[in-house]
Amino acid sequence: MTRSGGIGTLAWIVLVAVAAVIVARAHYTTDLSAFLPRNPTAQQRLLVDQLRDGVASRLIIVALEGADSHTRAQVSKAMAARLRSDHPFVSVNNGESAGTERDQRFLFEHRYLLSDSVTPHRFSVAGLHDAIEDTIDLLASPAGLLTKDLLPRDPTGELVEIVGQLGGNAAPRSADGVWVSGDGKRSLIVLQTRASGSDTDGQQSAVEAIRSAFNAAVAATASTTHPQLLMSGPGVFAVASRAAIIKEVTRLSIISTAIIVVLLLSVYRSATALLLGLVPVASGALAGIAAVELGLGVVHGITLGFGVTLIGEAVDYSIYLFIQSRQQIVWPTIRLGVLTSICGFASLLPSGFSGLQQLGLYSIAGLTAAALVTRFILPGWLPRSFRVRDLSPLGQTLANVLRRTRGAPIMVAALAVVSLIVVYTHRATLWNHDLSALSPVSQADQDLDAQLRVDIRAPDVRYMVVVTAADEEAALNVADKVGTQLNSLIDADVIGGFDSPAHYLPSQAVQRSRRDSIPAPDDLRARLRKAVAGLPVSAERLEPFLADAAAARAQPLLTRKDLDNTSLATGFDALLSSGPQRGWIALMPLRASPSHPSYIDDARVRKAVQEAAPGQATVLDIKGEADGLYSTYLLEAVRLSLAGFAAIVILLLFALRSPVRTVRVVIPLALAVLAVVAGFAVLGRQLTLLHVIGMLLIVAVGSNYALFFDRRATDAHAGSVPLTLASLLIANVATVASFGVLAFSSVPVLAALGSTVAPGALLALIFSALLARHLPATATTPAG
Amino acid sequence: MRASNPRPAAFILALAFTLAGALVCPIGNGAPSAHLDELMSLLAQRQHGHVTFVEQHFLAVLDRPVESSGELFYDAPDRLEKRTLHPKPETLVLEHGVITAKRGRRTFTLDLSSYPQIVPLIDSIRATLAGDRASLEKIFKVTLDGGLDQWQLVLTPADPVVAKSVRRILIEGARDIIRSVEIQQADGDRSVLTIGPEVTQ
């Protein structure tokens with residue numbers, strides 16, 4: 001070992017030790033929002049915040065499937081009873097009616113504070129007459145029979161009014177006293193967790209509490225067949241994917257390592273060579289994780305999963321070192337290959353997805369470290385007698401095959417044309433435009449979630465008025481004002497209805513004005529006497545109304561605390577919450593009118609909202625914003641990829657000093673990308689922006705192989721052609737294998753990247769070889 | 001589909017909506033089985049109906065009865081619609097166990113299954129439509145008076161929950177024509193639904 005080699009080794013040991021310490025102390029996360037885009041517009045930020053921390057993120061739907069309906073109902077009741085006393089949950093609702101009665105009593109007792117109709121006019125002679133007449137009309141309808149007994153106390157029908165205000169939220173079906181799905185085959189429990197959706201540990205304890213409640217409930221049933229537990233919700237996804245990612249990273253690493261070890265052992269037939277070959281890989285992995293921790297402050301589980309591709313790529317350099325003779329190894333070509341890869345991965349750094357930034361930084365640091373270790377440390381460590389199996393025969397065979405392949409460029413050109421035609425004919429269905437395509441949650445889980453949401457009749461809201469204000473009272477105040485405008489839009493049949501936190505708890509100001517509009521008892525009595533003239537009811541019968549109204553004048557105003565122990569608290573909290581940094585946010589989801597159920601004239605809504613509360617409320621088009629978000633990020637991915645591609649081309653132009661040679665290197669890569677896209681089209685797999693990133697990586701990784709077929713590189717080292725070919729094939733197989741393993745990942749982000757890069761890298765090598773124009777006619781035995 | 005009399009459907013309608021109003025009404029044993037079976041199968045044959053109605057409610061809380069009128073629609077197997085035109089327009093649709101009510105500017109959706117005391121009634125309507133007398137008699141004690149040409153069905157709740165709100169239901173008709181449905185509530189209030197002629201399309 002030379003003196004400089006000794007210094008190098010020393011430096012390596014120090015760096016590895018430092019990196020190991022950083023890696024050991026790094027922060028690891030599996031937060032799915034790393035692969036949710038960051039937020040370009042205020043409205044989109046609102047949307048993403050809601051997805052991440054909003055009340056919607058704290059929803060867990062539990063379904064019980066199988067066994068008979070009686071057993072399911074029993075289990076549902078036992079689970080709910082146990083979970084209601086559990087700390088992780090704010091609310092547990094399975095449709096047992098105890099809560100409903102409490103809610104109705106609350107609404108009835110506070111009807112003069114809660115009803116939108118309570119104004120001074122309501123208590124005028126004319127107002128009372130109209131309201132009482134309406135209530136009597138209602139008695140003639142079946143709905144009125146429900147409220148018949150209330151007439152003496154509530155002749156103006158305030159309870160009916162309030163129920164109408166809250167009426168949009170259809171409850172799930174019930175059977176055996178608990179909520180069930182539309183087809184009656186699942187019983188349902190809807191829970192709200194205390195922890196926010198992005199608090200994975202908190203969500204995990206909630207999920208565990210549900211599981212143990214289920215196990216206890218099942219154990220207590222007499223039935224021999226047990227139902228099955230299904231869960232869905234953002235928190236459930238977060239917990240499941242954290243577990244999946246951890247399992248996946250371990251699994252992928254083991255499979256990938258095993259494949260590479262078997263490959264290298266069968267090639268080298270030397271344990272020493274194998275161990276030495278893995279040194280750059282391990283160094284690279286350490287450097288990559290350390291760089292991500294230092295640069296981004298946290299390491300994502302998916303980054304570690306993606307890290308397995310580094311095994312396949314970083315091992316390439318030692319393959320070149322070992323197989324191509326030490327004298328003739330083409331360091332400049334390898335260096336250029338490393339640089340093009342870095343260019344490709346570097347274009348992920350400015351991405352709006354912190355997850356993609358991680359992958360980029362990890363790969364850059366990992367590849368650089370692996371290349372440096374291979375170049376400067378590894379040669380000094382090779383024993384003097386170091387030899388791997390002579391691969392000249394394999395290389396010679398490859399060279400012969402290539403030389404005999406006449407008309408290869410025509411075949412490649414034909415394939416390119418076919419690919420172009422395929423891509424063109426599939427252009428309409430090529431892209432997946434749905435934001436959920438990016439979701440790190442598997443399609444099966446997304447389907448289950450959609451099904452359960454239908455089961456609980458969660459409204460499919462497209463438009464929502466979003467109010468932002470400094471405090472709760474201000475937010476409710478604006479919600480009240482907007483509500484007044486929206487009520488007139490209901491009258492105009494622009495919308496069918498809306499939800500508002502102010503329906504559950506009006507602002508103090510509004511409550512006060514409602515309370516103040518109730519006349520003094522004697523006054524009201526006199527007015528009532530006049531109001532019932534001509535109606536089939538006498539004022540004497542309505543004595544209880546006068547008593548209630550008098551009591552209501554002295555009633556304290558309602559606060560959020562009064563909603564405790566009613567299911568109204570859940571409804572209210574779902575619509576009003578303190579934002580992460582920006583004061584309070586009130587949500588007012590809109591429902592379309594039944595006369596045009598799939599259309600809301602959002603321009604008119606915007607105008608009305610703008611008039612009601614200028615600058616304090618906006619209309620959020622959830623689907624539109626989500627689609628916009630997706631388009632923005634698709635565009636970003638395309639831009640980043642083009643920038644990365646351009647950087648690679650400029651680098652090649654600069655290094656090769658020839659536009660023609662650059663074009664010759666790039667063409668096979670471009671064709672590989674085209675063929676892969678055509679392949680996806682033929683298989684009917686739609687592309688997302690992750691596939692776009694994958695295409696960039698095909699160029700970045702594939703260029704490593706294409707460069708070896710560049711004329712000067714091959715000419716200058718004509719004698720090593722067979723060995724170069726052999727080493728390229730083995731290096732390529734290693735890379736393709738590691739990306740290929742990724743393609744079978746159950747984490748969609750990894751699967752998309754793997755399934756794009758693996759075939760792309762292979763095709764890049766094949767096309768480069770087939771299109772290479774200057775393979776020497778004969779090959780000599782290498783000197784090494 | 002037979003073009004003749006739609007009133008059996010109206011019977012189902014009236015029954016469904018009255019019951020849907022949260023009140024409950026039943027049918028019983030001891031009826032001349034042969035006749036009842038015959039009547040049931042007549043009723044079950046209906047595929048479609050469209051009639052007018054007048055309904056009077058006699059409520060203790062009011063000094064005089066309130067009256068409403070409108071049209072009833074029925075489509076087999078389980079879609080029923082009651083369109084009240086006077087005094088206030090209101091539309092009620094019962095479909096698959098869910099009531100959708102449109103009154104004024106608001107539309108309400110009410111899932112009958114959320115009211116456990118009504119579930120057996122809706123099941124009984126389905127049973128009637130299917131001609132499933134056995135299921136019906138689980139909930140009602142059914143008595144059939146008179147002959148098929150001029151009959152009166154008396155339905156008495158067999159279910160104690162139902163009995164709390166409904167004393168009995170009287171349905172009068174001739175062959176497969178229903179003339180009136182009277183619902184007597186446990187508290188003494190009652191309503192009488194009088195069915196008019198078929199509305200021609």
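Analyst: Happy to. The largest nonpolar core has 131 residues, and the ones with the most contacts inside it are Ala672(A), Ile693(A), Ile698(A), Leu753(A), Ala761(A) and Ala764(A). Please keep in mind that this is a predicted model.

User: Which helix gives the most to this core?

Analyst: Helix H30 of chain A, residues 721–743, gives the most, with 15 residues.

User: And what does Ile698(A) touch?

Analyst: Leaving out residues up to four places away in sequence, Ile698(A) touches Leu669(A), Ala672(A), Val673(A) and Val676(A), and also Thr756(A), Val757(A), Gly760(A), Ala761(A) and Ala764(A). Another core lies apart from the largest one; this other core has 40 residues, with Tyr463(A), Ala479(A), Leu489(A) and Phe572(A) among them.

User: Let's zoom out. How many helices and strands does chain A have?

Analyst: Chain A comes to 31 helices and 13 strands. Of its 784 residues, 50% are buried. For contacts in chain A with a separation of 6 or more, 83% are between residues 24 or more positions apart.

User: What about helix H28 of chain A, how many of its residues are buried?

Analyst: For H28(A), 18 of the 18 residues are buried, so the helix is largely enclosed by the rest of the structure. Its end C-alpha atoms, in a helix running over residues 689–706, are 25 Å apart, which agrees with the 26 Å that 18 residues should span at 1.5 Å a residue.

User: Now H6(A). Which of its residues are buried?

Analyst: The buried ones are Leu128(A), Ala131(A), Ile132(A), Thr135(A), Ile136(A), Leu138(A) and Leu139(A). Looking down the axis of H6(A), these buried residues fall within an arc of 155°, so they line one face of the helix. The helix covers residues 125–139 of chain A, 15 residues in total, and reaches 21 Å from first C-alpha to last, close to the expected 21 Å.

User: How many C-beta neighbours does Asp493(A) have?

Analyst: Asp493(A) has 13 C-beta neighbours inside 10 Å, so it counts as partly exposed. Ala67(A) is partly exposed too, with 19 other C-beta atoms within 10 Å; the cut-off for buried is 20 or more.

User: Last one: where is Leu546(A), and what is it in contact with?

Analyst: Leu546(A) is in helix H23 of chain A, residues 543–553. Setting aside neighbours within four places in sequence, Leu546(A) is in contact with Pro521(A), Leu524(A), Arg525(A) and Leu528(A). Leu546(A) and Leu524(A) are 22 residues apart in sequence, with 7.3 Å between their C-alpha atoms. Leu546(A) counts as partly exposed, because it has 16 C-beta neighbours inside 10 Å.

Key:
Residues numbered from 1 in each chain as written. Chains lettered and ligands numbered in written order. Predicted model: local features only at pLDDT ≥ 70, side-chain atom pairs only at ≥ 80, totals over all residues. Helix = DSSP H or I, 4+ residues; strand = E, 2+ residues; numbered from the N terminus. Expected span 1.5 Å × (residues − 1). Buried ≥ 20, exposed ≤ 12 C-beta atoms within 10 Å, placed from the backbone. Arc of directions from axis to C-beta. Contact = placed C-beta atoms within 7 Å. Core = buried A, V, L, I, M, F, W, Y, C linked by C-beta atoms within 7 Å.
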